Amino acid sequence: MSHLPPPLRLLGLATLAALAGCALSPRAPDALDPLQGKAFEHVPLTHPVVASVDRYEVRLPARERLPYTGKFASAFGGSLPYAPGSGLSFNKTEADGSLLFWGIGDRGPNGDSPDVDVHGRRQASKVFLAPDFVPRIAEIRVRPGQQAEVVRSIPLNYGGTPASGLPLKPGQTGSTGEIALDDRLRPLPFSAVGIDPESLRTDRAGHFWIVDEYGPFLTEADARGNVLRQYAPGKGLPAILASRQPNRGFEGLAITPSGRLYAAVQSTLDVDGKTRNSARFIRLLELDPATGATRQFAWPVDFDHFARAGDEKLGDIVAIDDTRFAVIDQGMGRKGMRNAIYLIDIAAADDISALNTPAGKPLEYATAGELAGVRMLRPRPLVDLRELGWTAEKSEGLALIPGGFAVINDNDFGLSTKVSGSKGEKASAYTVRDGRLDNDGELSVVPNGEPTTLWLIRLRRPIAESFVK
């Protein structure tokens, strides 16, 4: 008997092969890259919650690809795909029935690399294939039953200075402590305007609100991508949020009908470098941009699924009304990879902003017994994306659409890194010294074969009816 989920059995082997995708070759300006498989696929389901799934591979105009002539150019055909799937926000339905979305990409084409030796001390690093990349917002049009494509992109800038995806310099709010390397393992400069976007929404004024993993920052930009203001820990945001794990800052963002902002930290905070795997909750921030007032709520770690607290990752969050939300929860756990949508209602949850342990420590140090009297959020499962046939590791963008949800994946700009050498294939076995790996190590960057995929998930009943009365 097949071990594939039922929806994938319906698709057949030819379609499964098509969904695997592969690297795309550059095309003439404004021409669309050929799709690796079908542009669109409609899958009716017998699921108790979901009526059907429309699957689209997001097509990318050649003008939106990133020129690349570096060390690994031959593996990518001279350019890299732009990946707009870190966040997703529904914009509107056009007269012809097309759905318009805003998507956003993260800090650019980068991958894991071994630690760098800095005066005898190992320091984390990332290899950046396009260090001049400017983080940007993408407009995505979905023509129902036909195709999804990136229409245009809007680069972000700070007072006319293009934003960067490179890490912030040490000592600057939001620094991750990482060293950026080029594709030949040479150090790159830090950036004073580094941002690693992960979600976005638009407000009534047509401005973009963006959250990122560096700060974590909460940034407002106008319709042209000009940054208007930026909140940071200790500068409009609770200072405790500076204890986010590196690259685990804000991952999701929602705006309610009343205009309040809700930002989800991706994982547990690592207070004093001691609570990453012991904290029993993940923080959800509320900000009223009109007054600057904030509240914080606690998402309980699911220890039935995750062996370590730090393995649970919240993804995007979208508002259903002023107190109810849908949230992506994901990560590798005891029972395999999770990519699921949960529902929460903050109405009955406590504001934990001023709460500490009996010993006066941040609440991340609290034991289960000490948290017994805290009313945390109560996530209720709605849809397991893996049961619907989702295979991507990162389901990062979530939007509410008429009749259901839209979900998009982050494919890491279509690349992955590999390490080989006398010590095997674990990056931790090697160290970068003077632009080279020790132990005869070699780092390579290859296409990961994963396309950007957008799903339209139609529900059997209105989402509001899914909440427990």
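Colleague: Which strand gives the largest share of the lining of the largest pocket?
Modeller: That share, six residues, comes from β7, where strands are DSSP runs of E with at least two residues, numbered from the N terminus. This is a predicted model, in which local features need pLDDT of at least 70 and side-chain atom pairs count only at pLDDT 80 or more, while totals for chains, interfaces and linings use all residues. Residues are numbered from 1 along each chain as its sequence is written, and side-chain values use heavy atoms, without hydrogens and water.

Colleague: What counts as a pocket, and how many residues line the largest one?
Modeller: On a 1 Å grid over the protein atoms alone, a pocket is an open set of points where a 1.4 Å probe fits, with protein on both sides within 12 Å along at least five of seven lines, and lining residues have an atom within 4 Å of a point. The largest pocket has 43 of them, with D112, K126, N247, K313 and K394 nearest its centre.

Colleague: Which elements give two or more residues to that lining?
Modeller: They are β7 (110-118), β8 (121-128), β24 (324-333) and β29 (415-420).

Colleague: And by class, how does the lining of the largest pocket divide?
Modeller: It has 21 charged residues (Asp, Glu, Lys and Arg), along with 13 polar and nine nonpolar ones.

How values were computed:
Helices (H or I, at least four residues) and strands (E, at least two) are DSSP runs, numbered from the N terminus.
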